Amino acid sequence: GNNDSQQSPHITLYDFDDNPTGPADINFDLWYAKFEAGGWSGWFGRNNINLWKQDDLTETDDITALGMGLSYAHSLGSGQLTWKGGLVALPAGMRDTSGQALTGEIVYDWSHEQTGFTGGLIYFGINAEPNNKVGAELLLTENNIRNYQTVMLQLQYRRMAYGRPIKLGA
């Protein structure tokens with residue numbers, strides 16, 4: 001895929017036939033090392049920002065960031081409480097970065113027989129690098145100032161009804 005791609009390094013067969021829309025550069029989308037021990041897990045490298053969400057409408061989807069993440073999960077009552085944090089450099093194309101993001105979340109998950117509930121408090125904050133010319137040249141107009149903070153409270157209720165799974169989320 002093109003080095004300037006913000007979302008994917010995927011190459012199609014058309015790219016190998018002198019496609020005028022971009023060169024057939026080779027880029028790895030994901031490369032990381034991961035560990036798990038007890039309730040701890042972590043990663044470092046270029047990975048998805050893996051925050052829990054009850055839907056697919058979160059701005060952290062399709063971001064393969066360069067950095068690290070750490071999480072710890074433990075029992076709480078009859079459910080599980082998971083703490084996650086991450087510090088990453090944000091992509092500006094497939095090889096360069098511009099700005100950093102700090103992520104954090106606390107998620108509680110409870111399931112019993114045919115009913116379940118998950119609730120999460122999620123933080124996603126971006127610090128831009130407005131003087132970073134490499135990143136700013138690759139980003140869309142006025143997006144080179146990407147500097148914001150998001151706090152999300154997400155809830156999901158699950159239940160089996162008539163042999164079918166039902167999920168309600170907010």
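Predicted model: local features only at pLDDT ≥ 70, side-chain atom pairs only at ≥ 80, totals over all residues.
Strands E3 and E4 form a hairpin with two residues between them, and Gly 77 in the turn has a positive phi of about 65 degrees. Strands here are DSSP runs of at least two residues, labelled E, while helices are runs of at least four, labelled H or I, and both are numbered from the N terminus. Residues are numbered from 1 along each chain as its sequence is written, and side-chain values use heavy atoms, with hydrogens and water left out.

**Around the hairpin**

E3 and E4 run antiparallel and are joined by 11 bridges; strands are said to pair if DSSP finds at least two bridges between them. Gly 67 has Val 88 in E4 as its bridge partner. E3 also pairs with strand E2 (residues 40–48), again in the antiparallel sense, over nine bridges. There, Phe 44 stands opposite Met 68 in E3.

Which residues does Ser 71 touch, leaving aside its neighbours within four places in sequence? They are Gly 39, Trp 40, Ser 41, Trp 83 and Lys 84, where contact means heavy atoms within 4.5 Å. Ser 71 itself is found in strand E3 (residues 64–76). With a relative accessible area of 11%, Ser 71 is buried; buried means under 20%, exposed over 50%, and partly exposed in between, using a 1.4 Å probe and protein chains only. The side chains of Ser 71 and Ser 41 are joined by a polar contact of 2.6 Å. Such a contact is a pair of N or O atoms within 3.5 Å; within protein, one must be able to donate a hydrogen and the other to accept it, and residues adjacent in sequence count only if both atoms are side-chain atoms.

**Salt bridges**

The structure holds three salt bridges, each defined as a side-chain nitrogen of Lys or Arg within 4 Å of a carboxyl oxygen of Asp or Glu.

| Lys 34 | Glu 36 | 3.5 Å |

Glu 36 and Lys 34 are both exposed. Lys 84 lies in strand E4 (residues 79–92) and Glu 105 in strand E5 (residues 96–112), so this pair ties together parts that are 21 residues apart in sequence. Lys 84 counts as partly exposed at 27% relative accessibility, whereas Glu 105 is buried at 4%.

Asp 109 is partly exposed, with a relative accessible area of 31%, and Arg 158 is buried, with 18%.

**The whole chain**

Stepping back, the protein has one helix and eight strands. Along the sequence they follow the pattern β-β-β-β-β-β-α-β-β. Of the 170 residues, 36% count as buried. Among contacts between residues at least 6 apart in sequence, 50% join residues at least 24 apart. The protein exposes about 10800 Å², with carbon and sulfur atoms supplying 56% of it; accessible areas come from the Shrake-Rupley method with a 1.4 Å probe.
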